[in-house]
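User: I am new to reading protein models. Could you walk me through one by question and answer?

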Amino acid sequence: MLQTRCLVAPKNHSKTTLQSTSQEHSFFEIDAAGPHHSPYAHTLGPPENFEKYVGSLGISNNTHVVLYDNLDPVGVFSAPRAWWMFRIFGHKDISILEGGLKHWVAQGNDVTTEVPKVAEVEYKATYNPDLKVSFEEMATNVKEQKFQVMDGRGKGRFEGTVPEPRPGVDPGHIINTINVPFTNIFDSEKRLFKTVDEMKKMFEEKGIDLSKPLASTCGSGVSACCLALGAYMCGKEDVRIYDGAWEEFYTKK
C-alpha cells in the first residue's frame with residue numbers, strides 16, 4: 001500500500017524549502033483543490049476539483065494518506081484541514097503524523113528535500129454534506145441554538161481585542177459560540193496531542209458537551225479542523241465545520 005506524505009502549509013510558504021519524511025512525499029496545498037473564485041480564504045471546492053488535484057498527486061481511493069506540517073510551537077496546524085477535506089470527500093484511510101516534521105526529525109528519522117515524480121491516477125470523491133455547516137444554518141442557530149459552536153481562534157481575536165489578519169474583517173465572534181483556542185488540544189512542551197482524557201477534560205471545562213451536536217469555526221476554516229480532530233480523537237466523529245468561518249459571517253452578518 002502506498003503511504004503518501006502530504007505536507008500542508010499556508011500559500012506563502014515556499015515549496016522548495018520544505019522537507020519530507022520519505023521519498024514518497026507529495027506536497028498538498030490546501031487551496032489547490034478549492035473553488036478558485038471564492039471571496040473567502042480556504043473554502044472547500046467542488047468534488048471534481050478535489051478529484052483532479054488529489055489524483056495528480058498519485059493518490060487513489062485506496063491510498064493510505066499521512067498528513068503532516070511544521071507549525072511552531074505545536075507541530076500541527078493545517079494538516080487537520082487537509083484531514084477534514086479528505087474525510088468530507090469520502091477518503092477512508094487517512095492519518096496525521098503526530099508532532100509534525102520537527103518531532104519526526106527529533107526522533108532521529110531521515111528527511112529529504114527531493115520530491116518524486118508520481119503518475120496521475122483516477123480518484124473518485126464521495127461528498128458527505130453532514131461534515132459541513134452553511135452560513136444560513138449558522139445564522140439560524142444564533143437564535144435557535146440547535147447545536148453548539150466552538151471557535152478555534154485565540155482569545156484576543158475572539159473577544160475583539162486583537163486584529164484579524166485579513167483586511168476588511170474586524171475581530172469578534174458569532175453569538176453563543178464558545179472560545180476554544182486550537183492550541184488547547186496540544187501539549188506545547190512535548191509538541192504532541194494531549195491524551196484523550198486530557199482533551200475530554202479540556203472540552204468539558206470549556207463547556208463543550210461532546211454527546212450533543214457540535215460545529216467548529218475559526219477565522220478561515222483551518223484551526224476549526226484542529227478542534228474537530230481533537231473531538232474525533234475523543235470519539236466525537238460528527239463535528240461539522242463552518243467552512244466560511246468568521247470571515248464569511250462577519251461579511252454577511
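This is a predicted model: local features need pLDDT of at least 70, side-chain atom pairs count only at pLDDT 80 or more; totals for chains, interfaces and linings use all residues.

Analyst: Residues are numbered from 1 along each chain as its sequence is written, and side-chain values use heavy atoms, with hydrogens and water left out.

User: In what order do the five strands of the open sheet stand?

Analyst: Strands (E, at least two residues) and helices (H or I, at least four) are DSSP runs, numbered from the N terminus. Two strands pair if DSSP finds at least two bridges between them. Here the pairing is parallel, and the order is β5-β11-β10-β6-β7.

User: Which strands are the edge strands?

Analyst: An edge strand of this sheet pairs on one side only. Those strands are β5 (132-133) and β7 (178-179).

User: Which residue of β7 is the bridge partner of Met-150?

Analyst: Strand β6 covers residues 148-151. Two bridges join β6 to β7, and the strands run parallel. The partner of Met-150 in β7 is Ile-178.

User: Which residue in β10 does Met-150 stand opposite?

Analyst: β6 and β10 run parallel and are joined by four bridges. In β10, Met-150 stands opposite Ser-216.

User: Are the residues on the two faces of strand β10 buried or exposed?

Analyst: Buried means under 20% relative accessible area, exposed means over 50%, and partly exposed lies in between (1.4 Å probe, protein chains only). Strand β10 spans residues 214-217. Leu-214 and Ser-216 lie on one side, Ala-215 and Thr-217 on the other, and all are buried.

User: What is the handedness of the crossover from β10 to β11?

Analyst: β10 pairs with β11 (residues 240-242) in the parallel sense over two bridges. Ala-215 stands opposite Arg-240 there. The chain goes from β10 through helix α7 (residues 223-233) to β11. With the strands pointing away from the viewer, a clockwise path from the first strand over the helix to the second counts as right-handed, and this β-α-β crossover is right-handed.

User: At what angle do α4 and α8 pack?

Analyst: Axes are lines fitted to C-alpha atoms, for helices over the stretch in contact, and angles run from 0 to 180 degrees between N-to-C directions. The axes of α4 (residues 135-144) and α8 (residues 245-252) are 11 Å apart. Angles under 35 degrees count as roughly parallel, over 145 as roughly antiparallel, 65 to 115 as roughly perpendicular and the rest as oblique. α4 is roughly perpendicular to α8, at about 70 degrees.

User: Which residues of α8 make the contact with α4?

Analyst: Contact means heavy atoms within 4.5 Å. From α4 come Phe-135, Met-138, Ala-139 and Val-142. From α8 come Glu-248, Phe-249 and Lys-252.

User: How many residues of α8 are buried?

Analyst: The buried ones are Ala-245, Trp-246, Glu-247, Glu-248, Phe-249 and Tyr-250. What covers them includes α4, β10 and β11. Of the eight residues of α8, the number buried is six.

User: How many residues in the contact of α2 with α7 are nonpolar?

Analyst: The axes of α2 and α7 come within 8 Å and cross at roughly 70 degrees. The α2 side is Pro-80, Arg-81, Trp-83, Trp-84 and Arg-87, and the α7 side is Cys-225, Cys-226, Ala-228, Leu-229 and Tyr-232. Ala, Val, Leu, Ile, Met, Phe, Trp, Tyr, Cys and Pro count as nonpolar, Asp, Glu, Lys and Arg as charged, and the others, Gly among them, as polar. The contact has two charged residues, no polar ones, and the nonpolar count is eight.

User: What is the relative accessibility of His-42?

Analyst: His-42 sits in the loop between β2 (25-28) and α1 (47-56). Its phi is positive, near 65 degrees, and it is not a glycine. His-42 counts as buried because its relative accessibility is 19%.

User: How far apart in space are Val-76 and Leu-192, C-alpha to C-alpha?

Analyst: Val-76 lies in the loop between β3 (64-68) and α2 (79-88). Val-76 is buried, with a relative accessible area of 1%. Leu-192 is 116 residues away from Val-76 in sequence, but the C-alpha to C-alpha distance is 8.5 Å.
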